[in-house]
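Let's take a quick tour of a protein model. Have the sequence and the 3D view open, and follow along as we go from the core to a pocket and then to a strand.

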Amino acid sequence: MKLSVPVTGRAAAAVAVAAATLFTSGSIAGAAPAPEAVAAAPDLPVANVKAHLTQFQSIAAANGGNRAHGRAGYTASLNYVKGKLDAAGFTTTVQSFTSGGRTGYNLIADWPGGDTNKVVMAGSHLDSVTSGAGINDNGSGSAAVLEAALTVARTGYQPTKHLRFAWWGAEELGLVGSRYYVNNLSSANRAKISGYLNFDMIGSPNPGYFVYDDDPTIEKTFKDYFAGIGVPTEIETEGDGRSDHAPFKSAGVPVGGLFTGASRAKTAAQATKWGGTSGQAFDRCYHSSCDTTSNINDTALDRNSDALAYAVWELSK
């Protein structure tokens, strides 16, 4: 990990997906489906994801040590993400709301093209708690979603469905930003979202590999990716209903997502399955000042970032 050109099980999985697609479709080598299958399985360079985390850390350090709702560190984080997306050709929208007497912001980025009656969304909360920089919670999800969006632009991906990416404010205060977004959608626009994918804490230092079990199709997509690289998964229970997918699910939108664990302790069976330390929290720095760039497991961040991209591409074809 931490390589400029990471070598992971991702490439092998992409080849397997491409080969399976060609075999089942009866296509010959070099025919049109081949590059499409490869394009549907991009590798997100973990070095790029970690570069975004370094920026979030620097932003926190320059703004009182955190990136919390209503604070300068949050605004600077949003401006960093928005600047990258604007330069890449996304249509960005900043949505404001009020919570706790402070103004908060959601950032929404739409990739031009695709069927706007069938929208695939990927999102994460951008705010930290006031006690720290929030690099795993949730710089990790925010950085991976950003890099996936930038990869869409870099590769010129033009899916059948419309792609939308989101960074939520005030999640730490009770899913305020995402709930505001969902509540302000018309029923018709809610119905156009074919799936919302949530990424909250995907680089925990003592990681597990947890998949949301809310929507069967989205769940299977993530499980297929991890099976392809030989990593076992478990159903996510620790954060069930406690992150930004919850308002979407309540509104009837199919949801799914990934998680590597928070304050719950890793069991002996899980340590045997995934490595790491049993009896220790998945993230000992959860909601504390030590949630910095040194609080990230590179392998977990890499695998989950690639799983994120795999799901976005597969579900938006």
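Here's a short briefing on this structure, which is a predicted model.

**The nonpolar cores**
- The largest nonpolar core has 63 residues, and the members that touch the most other members are Leu85, Phe165 and Trp167.
- There's also a second, separate core of 13 residues, with Ala166, Trp168, Val182 and Ile193 among them.
- Zoom in on Trp167: leaving out residues up to four places away in sequence, its contacts include Tyr74, Val81, Leu85, Tyr105 and Leu107.
- The contacts of Trp167 also include Asn106, Ser124 and Ser142.

**The largest pocket**
- Now look for the largest pocket, which has a volume of about 190 Å³.
- 18 residues line the largest pocket, and Glu171, Asp200, Arg242, Ser243 and Tyr286 are the closest to its centre.
- Sort that lining by class and you get 6 nonpolar, 5 polar and 7 charged residues.

**Strand β5 and its partners**
- β5 pairs with strand β3 (residues 115–125) in the parallel sense, over 5 bridges.
- To spot that pairing, find Ala122, whose bridge partner in β5 is Leu197.
- β5 also pairs with strand β8 (residues 255–259), in the parallel sense over 4 bridges.
- For this pairing, look at Phe199, which stands opposite Leu258 in β8.

Methods
Residues numbered from 1 in each chain as written. Predicted model: local features only at pLDDT ≥ 70, side-chain atom pairs only at ≥ 80, totals over all residues. Heavy atoms only, no water. Core = buried A, V, L, I, M, F, W, Y, C linked by side-chain atoms within 4.5 Å. Buried < 20%, exposed > 50% of the residue type's maximum accessible area, 1.4 Å probe, protein only. Contact = heavy atoms within 4.5 Å. 1 Å grid on protein atoms, 1.4 Å probe; cavity = no way out; pocket = protein on both sides within 12 Å on 5 of 7 lines; lining within 4 Å. Points joined across faces, edges and corners; volume = space filled by probe spheres on them. Nonpolar A, V, L, I, M, F, W, Y, C, P; charged D, E, K, R; others polar. Pairing = 2+ DSSP bridges. Helix = DSSP H or I, 4+ residues; strand = E, 2+ residues; numbered from the N terminus.
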